[in-house]
Amino acid sequence: MWTFIHKLGSPKHCYRIAGYFIPYLGTISIVCFIYGLVGGLILAPADYQQGDGFRIIYVHVPSAFLSLSVYMVMALSATVSLIWRIKMADVITKVSAPLGATFTFLALVTGSLWGKPMWGTYWVWDARLTSELILLFLYVGYMALESALEDRHMAARASNILVLVGVVNIPIIHYSVVWWNTLHQGASISLLNKPTIAPSMLYPLLAMLVAFMAFFFAVMLMRARCEILLREQKSNWVKELVQTT
Amino acid sequence: MTLQHFFSMGGYARYVWPCYGLVIGLLLVNWWLPLRRKRYIIKMLARRMAYLDKEALAKERQGE
């Protein structure tokens with residue numbers, strides 16, 4: 001067990017293990033995505049209030065869910081990096097940020113495209129929307145800070161602290177629909193309660209959630225591999241790898 | 001569901017299709033960027049190594 005954990009900290013093994021998982025994650029993502037598209041766009045019946053406009057949730061909800069979970073992944077790896085100084089944790093925090101920013105951006109845009117026909121406006125300064133926008137700024141701020149500092153260790157430390165400070169925003173986003181009177185509707189699915197939507201609408205949504213998660217991990221590992229190659233370019237295994245390809 | 005209904009999305013086509021287009025587009029870009037970057041990094045490292053090898057060889061010859 002400990003040797004396994006020890007190996008995980010070594011860049012060479014990280015590179016290899018990541019390469020092993022990427023094809024599986026990619027396949028899961030594509031299969032679930034196609035099922036989600038067919039189920040969400042064709043098989044699921046139109047909503048009795050929102051007509052076919054509700055089909056936007058099949059991309060909106062997974063994006064929004066991932067925008068929060070990617071931040072939690074970053075917070076976790078930032079903590080690991082600050083406490084145990086594991087190099088690979090820095091890599092994970094760094095390569096997750098652009099993906100998190102993408103999901104946040106998608107959640108905001110798909111949300112406002114849904115809001116126009118349903119609420120009558122693209123944007124309102126309501127608690128859920130505003131806190132999600134702040135999340136986007138956190139991602140962008142992290143990336144800017146990380147790339148602005150010349151010294152890599154310094155950059156990692158400073159930006160990790162920024163990530164941890166930003167964690168405060170996550171429960172605010174999650175509970176904003178409960179704490180404040182907002183336009184945004186409450187959650188239809190949660191871990192603890194029975195979902196309040198019909199199975200024919202629910203399953204494609206769950207498939208999309210799985211697809212987005214697998215997508216995130218696949219692309220995160222792909223980016224991590226690039227980052228490892230760059231950081232370890234002076235080590236022998238990278239030289240051998242470059243010569244054989 | 002008829003084909004026409006599918007494309008018009010019950011009148012919501014203006015909102016639904018851009019959403020799906022944007023999501024699929026951005027996801028594909030995110031998928032493609034690290035692939036391109038990895039190719040670029042390996043090419044760059046190979047070039048750098050070739051250059052360093054040549055330099056080392058030249059130094060060896062000078063030393064002779």
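Is A:Cys32 buried or exposed? At 17% relative accessibility, A:Cys32 counts as buried, where buried denotes under 20% relative accessible area, exposed over 50% and partly exposed in between (1.4 Å probe, protein chains only).

The views below show a predicted model, in which local features need pLDDT of at least 70, side-chain atom pairs count only at pLDDT 80 or more, and totals for chains, interfaces and linings use all residues. Residues are numbered from 1 along each chain as its sequence is written, chains are lettered from A and ligands numbered from 1 in the order in which they are written, and side-chain values use heavy atoms, with hydrogens and water left out.

**View 1. A salt-bridge network includes A:Lys94, A:Glu146, A:Glu227 and A:Arg231.** A salt bridge is a side-chain nitrogen of Lys or Arg within 4 Å of a carboxyl oxygen of Asp or Glu. A:Lys94 pairs with A:Glu146, their closest N and O atoms being 4.0 Å apart. Because A:Lys94 lies in helix H4 (residues 87-119) and A:Glu146 in helix H5 (residues 127-148) of chain A, this pair ties together parts that are 52 residues apart in sequence. Helices are DSSP runs (H or I, at least four residues), numbered from the N terminus. A:Glu227 also forms a salt bridge with A:Lys94, with 3.1 Å between the closest N and O atoms. That pair links distant parts of the chain, A:Glu227 being in helix H8 (residues 199-231) and A:Lys94 in helix H4, 133 residues apart. A:Lys94 is partly exposed at 27% relative accessible area, whereas A:Glu146 is buried at 11% and A:Glu227 is buried at 9%.

**View 2. A:Arg55 and A:Asp52 meet in a salt bridge.** The N to O distance between their side chains is 2.8 Å. A:Arg55 is buried at 1% relative accessibility, and A:Asp52 is buried at 3%. The whole structure holds 5 salt bridges over all chains.

**View 3. A:Tyr15 and A:Trp237 form a tilted aromatic pair.** Rings of Phe, Tyr and Trp (its six-membered ring) pair if their centres lie within 6.5 Å; planes under 30 degrees apart count as stacked, over 60 as edge-to-face and the rest as tilted. By this rule there are 16 aromatic pairs over all chains. The centres of A:Tyr15 and A:Trp237 are 5.4 Å apart and their planes stand at 55 degrees, so the pair is tilted. A:Tyr15 belongs to helix H2 and A:Trp237 to helix H9 of chain A, 222 residues apart. A:Tyr15 is buried at 6% relative accessible area, and A:Trp237 is buried at 15%.

**View 4. A:Phe103 and A:Phe215 form an edge-to-face pair.** Their centres are 6.4 Å apart, with 80 degrees between the planes. The pair links helix H4 to helix H8 of chain A across 112 residues, and both residues are buried. Ring pairs link A:Phe33, A:Phe103, A:Phe212, A:Phe215 and B:Trp31 into a cluster.

**View 5. The largest nonpolar core has 75 residues.** Such a core is a set of buried Ala, Val, Leu, Ile, Met, Phe, Trp, Tyr and Cys residues joined through side-chain atoms within 4.5 Å. The residues with the most contacts inside this core are A:Tyr58, A:Phe103, A:Leu135, A:Phe212 and B:Leu27. Its largest share, 17 residues, comes from H8 of chain A.

Definitions and conventions:
Helix = DSSP H or I, 4+ residues; strand = E, 2+ residues; numbered from the N terminus.
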